[in-house]
Amino acid sequence: MNPSSHDFDLFVIGGGSGGVRAARMAATRGVRVGMAESGRMGGTCVNVGCIPKKLYSYGAHYAEAFEEARGYGWQMAHAPALDWQVLKTNRAKEITRLNGIYEGLMVNAGVQRLQGHGRIVDAHTVEVTGDDGQATRHTARHILIATGGTPFVPAIEGRELAVTSDDMFDLPVFPQRLVVVGGGYIGCEMASIFHGLGAQTTLLYRGEQILRGFDDEVRAFAADELRKAGVDVRVGCDVARIEAGTGDTRRVVLANGSVLDADVVLYATGRRPNADGLGLSDVGVQQADNGSIVVDEHFATSVPGIFALGDVTGGMELTPVALAEAMALVDHLFGTAPGKVARTMDYDNIPTAVFTHPPIGTVGLTEAQARERFSDIQVFRSDFKPLKHTLSGRGERTLVKLIVDTASDRVVGLHMVGADAGEIVQGFAVALKCGATKAQFDATIGIHPTSAEEFVTLREVSRK
């Protein structure tokens, strides 16, 4: 079929990070782009993910700063108190501002924005049902699914009494007692944040250690720091059921028979692809057992003309990954911008951070992964009390760790638990992407006094 016979060259379902980037970049190439989004623009990241999470993390850090300030001579006549309603209101204003920016990006790029739920009718047709219930059909040369993910709560008794991460930013009343079920990055971040804001927080995880998939030493170190900060971290712990307590309270009954009373029970037990209601099975789009859309290296689904990227494909659930995938797809479908080289996705050495207190930053291989891949590795590590806490009175420590392939001298893994870990590791991620060696790390002059300089002053091999 002649491309000009379609309403659009590209129709995007989903106005999150990946969908917006793909739509905007395609529109700048002069192609006709349409987008359907049923909710607020920006997706999970802007509305109930990265942005509000980081804002609340900043808020929680102030409580720590008030406490630490005493060691530096600051005296406070009255104990500081959190006004939960003010925090929520200010967060909501900022998110609304960002929603408007995302809408503006679409309008300014020339994308036709449709408010409503998109459903695929065939390989080149999308039906959009608006908020008023009216449905319209639109044809496109290419259809892109970028609908992200959604929180998953297992089928336990009383699951309706729990909340998910989507609900945490706008709870009507701040919880004095919070139980978090799940030891992934969302559960650990929420436990840290709400403990910092003043909640008595218990984190339950059925596995042997939190943060599965991260470096084992980082996992153990982070768990110790969470406990030191006051979070009750319990591993090897299964929930049998949730019951209604007195008033609006909840009772969490554990498999061992013990009971925890809480004002709020947060289930952070993973996310699932947001693929329901898209009409995928009707048109033959292949999905994995967990509902994720199966794609090839160019994000093509099993149906020619239909593509998918981001969390809905079951890959790395990171906003920057979805952004990079979107740019690679646009280059593949519509060619590169003038003077640019076509982008492809490289999933090696993708840095990430966990905004616990203290935060975690990591890039490259874990120690276990490196041992599997290389015949001989060297591990350089150090943990220490940061200079800041020599006067603050806090017992928080920092961990820095390098993993080196002995044969090539390349640094293949870099991990940190400590203040500003995300900011520090982002810079070192460039070095790993460029194939930096341990010798080059050693030849780099450190910035003193910083925690970051520890990465270029590690000289003694901790283990091989």
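For counting charges here, Lys and Arg are positive and Asp and Glu negative, with His and the chain ends left out; each charge sits at NZ of Lys, CZ of Arg, CG of Asp or CD of Glu. On that basis, the mean positions of the chain's 45 positive and 55 negative charges lie 3 Å apart.

A word on what you're looking at: this is a predicted model, where local features need pLDDT of at least 70 and side-chain atom pairs pLDDT 80 or more, while totals for chains, interfaces and linings use all residues. Numbering starts from 1 along each chain as its sequence is written, and side-chain values use heavy atoms, without hydrogens or water.

Now for the overall build. The chain has 12 helices and 20 strands (DSSP runs numbered from the N terminus: H or I of at least four residues for helices, E of at least two for strands). Its radius of gyration is 24 Å, close to the 23 Å from the globule rule for 464 residues, so the chain is as compact as a globular protein of that length. That radius is taken over C-alpha atoms, and the rule is 2.2 Å times the number of residues to the power 0.38. Along the principal axes, the C-alpha trace spans about 70 × 65 × 45 Å.

Let's zoom in on helix H4, residues 84-109. Its 26 residues reach 38 Å from first C-alpha to last, close to the 38 Å expected at 1.5 Å a residue (the expected span is 1.5 Å times one less than the number of residues). Among its buried residues are Trp-84, Arg-91 and Tyr-102, where buried means under 20% relative accessible area with a 1.4 Å probe, counting protein chains only.

Notes: Buried means under 20% relative accessible area, exposed over 50%, partly exposed in between (1.4 Å probe, protein chains only).
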